[in-house]
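User: I'd like to learn how to read the features of a structure like this one. Can you take me through them step by step?

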Amino acid sequence: MELKLTVNGQKIKKTTQSHYRLLDFLREDLDLTGTKEGCGAGECGTCSVFINGKLVKSCLVPAAKAEGAKIETVEGIGNPEKMSEIQKAFCATGASQCGFCIPGMVMAATSTLRNNPKANLEQIKEEMGGNICRCTGYQKIFDAVEMARDVINKEKSEKVFDEYEKPANSFIGANVKRIDAPSKVTGRLKYAADMKMPNMLHMQVLRSDRPHAKILNIDLSKAKKIEGVRGIVTCDDVPGVDNFGVFIEDQPVLAKDKVRYVGEAIVAVAADTLEQAKDAVNAIKIKYKDLPALYDPEEALKEKILIHEHYKTNLVKHIPIRKGNTEEAFKKADVIIEDEFATQPVEHAYLEPMAGVSYIDQDGVLTIVSPSQNITHHRHMMAKIMNLPIHKVRFIMSPVGGGFGGKEDMIYQGMLALLATKTRQPIKYVMTREEDIVSTAKRHPSRTKYKMGLTKEGRILAAEISMLADGGAYGCSTEGVMRKAAILGAGPYNIENLKMDTRGVYTNNTPSGAFRSFGALQTEFATESMLDIAAEKLNMDPFEIRRINAFVKGNITHTKQELNSASINTVLNELEKLASWEKGSPQSRGNSRKDMFGKDNRDACELGARLKTNGNGKRAAR
């Protein structure tokens, strides 16, 4: 299919694939990789461009529909040497963090101010509602659009773009210039999916469609005959030790003997084009024998079904901590509270899906370029997997388009290495959003049983905490998560008598891994919930019950550390002041509270809460 159109002021005449979306045409045929693919479904806005002056999601537009159109991408808005006011404002406010969503945000902000040069904050929020950011919380982005608006309208000088600080002693709290911001706001920064190399092949992966099954046979005969296929690898192609993991190296590069969860990689294919690699994957036939599957972590403890037979247990890690005598302390308590808490698995939802490039360099060094959050550990594991000396393995950390712990695991790099070694050509792999969600590790779902004993004055005498976490099919970060859950789970409180147990188990669910504040979040959520329940039962202020129990300098933690300092009371005092907190029992809720609708407080949440209110819970007229 031949396309004629104008892109960033340049007339283009180019033959392209008839099934391409406009996004594919821009990225693959024109190398305009500032336009990103985050979801492929028109939800995230990372692929936003202008078509004939109108902002659209290019992942939803067939390339053929752009025939004769005028297209403007982020590269046409400005470059690092000559940025637009909006791009300068994004740099000045620190609006770009991982940077993956930012080109799309810049396009949306440009559209907003082109259509309404004097847009107020609520109008800015409304107009940019089709773009998602996973890092910032949006406030800096809104600040940037308002700053650009004021400069464009001559209400502020362009000097505001350069009001950075030179920190005297500490960078903390200082507004400093980020050296990578210009490349991010102009779309020039290359993430792994943006990279291309001569003679590069494309990788696709056949994944399990069942949770627990023996692999009886893999038939590759039809796949090998697909035109353009240059290499196919299975577990039999691993030259070294076929295991990896963050704490326990229990996961094979490609499933061997059996699969343990839906989405587990079994076969990887490299071909000249992405379409040929997909065709080859679809041509592979696998014969399975289904096995009983295990989904419940409590059932996992009964060990009637073993996920890893050679371990002879489903227990990945148990961390027990004992301090004092909880049994005796409970006898002295005026109030005893018992409850159970559960948290769900959580998808990291980083805007950049998993991607990577591998190649053998001119010196025979296996090189992996990917957004790995743990490249030194990955390098050492890869050397063992590929049976190479460490100096023959190199990892390059590409810009990370959001990670939050989700890119700590070496999920796909081993497959890239096998195919680069087998074909001696560069290999590229980019997961779809669906593939990323189904195959990568999530936050550990947990169940916590909690018993707390207190005096009528609110002092915690004893606590017994037992958390059971679903680690999924492989160990990943489970050991570290259980350790963190045990160490921090009782919160910043001086509890003299504590019994803490955290357990992580194998199941046939998607593996669980690292995710911001891992482990501590699940158990501290339970502790803080128990304190709120205790405050209600004792008719106490939630701040006050925390102050009574908060660590102070000189306290000994339940892991036997003497505290040289403790800031929890300072934090509580500042929060209480900032919130204009109305003292009293937490039974007092809703619009009757005096601390609602304060000058610095958000209004109560309601349907349409993003729209401005009068400060009394009632929406203002538009």
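User: Let's start inside. Which residues line the largest cavity?

Analyst: The general idea: rolling a probe the size of a water molecule over the atoms shows where empty space is left. Here, R207, F244, Q251, P252, V253, Y261, E264, A265, I411 and M415 line the largest cavity. A cavity is a set of points, on a 1 Å grid over the protein atoms alone, where a 1.4 Å probe fits but cannot get out; lining residues have an atom within 4 Å of a point. Its lining has seven nonpolar, one polar and two charged residues. Ala, Val, Leu, Ile, Met, Phe, Trp, Tyr, Cys and Pro count as nonpolar, Asp, Glu, Lys and Arg as charged, and the others, Gly among them, as polar.

User: What should I know about the model itself before I go on?

Analyst: This is a predicted model, in which local features need pLDDT of at least 70, side-chain atom pairs count only at pLDDT 80 or more, and totals for chains, interfaces and linings use all residues. Residues are numbered from 1 along each chain as its sequence is written, and side-chain values use heavy atoms, with hydrogens and water left out.

User: What volume does the largest cavity have?

Analyst: About 70 Å³. A volume is the space filled by probe spheres set on the grid points, which are joined across faces, edges and corners. The structure holds two cavities of 30 Å³ or more.

User: Now the sheets. What is the strand order in the open sheet of seven strands?

Analyst: Strands of a sheet pair through backbone hydrogen bonds, either parallel or antiparallel. Two strands pair if DSSP finds at least two bridges between them. The order here is β8-β10-β6-β17-β14-β15-β16, with mixed pairing. β8 (229–233) and β16 (393–397) are the edge strands; each has a single partner, so one side of each lacks a neighbour in the sheet. On average, neighbouring strands are turned by 20 degrees against each other, direction ignored. Axes are lines fitted to C-alpha atoms, for helices over the stretch in contact, and angles run from 0 to 180 degrees between N-to-C directions.

User: How many bridges join β6 to β17?

Analyst: Two, and the strands run parallel. H202 stands opposite K428 in β17. Helix α9 (residues 274–283) packs on this sheet, touching β6, β8 and β10. Contact means heavy atoms within 4.5 Å. The direction of α9 makes about 25 degrees with that of β6.

User: What is the strand order in the five-strand sheet?

Analyst: It is β2-β1-β5-β3-β4, again an open sheet with mixed pairing. β2 (10–15) and β4 stand at its edges. Neighbouring strands are turned by 40 degrees on average, direction ignored. α1 packs on this sheet, touching β1, β2, β3 and β5.

User: Is G405 buried or exposed?

Analyst: Buried means under 20% relative accessible area, exposed over 50%, partly exposed in between (1.4 Å probe, protein chains only). G405 is buried, at 11%. Its place is in the loop between β16 and α13 (413–423). It touches H348, Q373 and A514, not counting residues up to four places away in sequence.

User: Which phi value does N52 have?

Analyst: Most residues other than glycine have a negative phi, and most peptide bonds are trans. N52 has a positive phi of about 50 degrees, although it is not a glycine. N52 lies in the loop between β3 (48–51) and β4 (54–57), and it is exposed, at 54%. E303 also has a positive phi, near 60 degrees. E303 is partly exposed, with a relative accessible area of 29%.

How values were computed. Helices (H or I, at least four residues) and strands (E, at least two) are DSSP runs, numbered from the N terminus. On a 1 Å grid over the protein atoms alone, a cavity is a set of points where a 1.4 Å probe fits but cannot get out, and a pocket is an open set with protein on both sides within 12 Å along at least five of seven lines; lining residues have an atom within 4 Å of a point.
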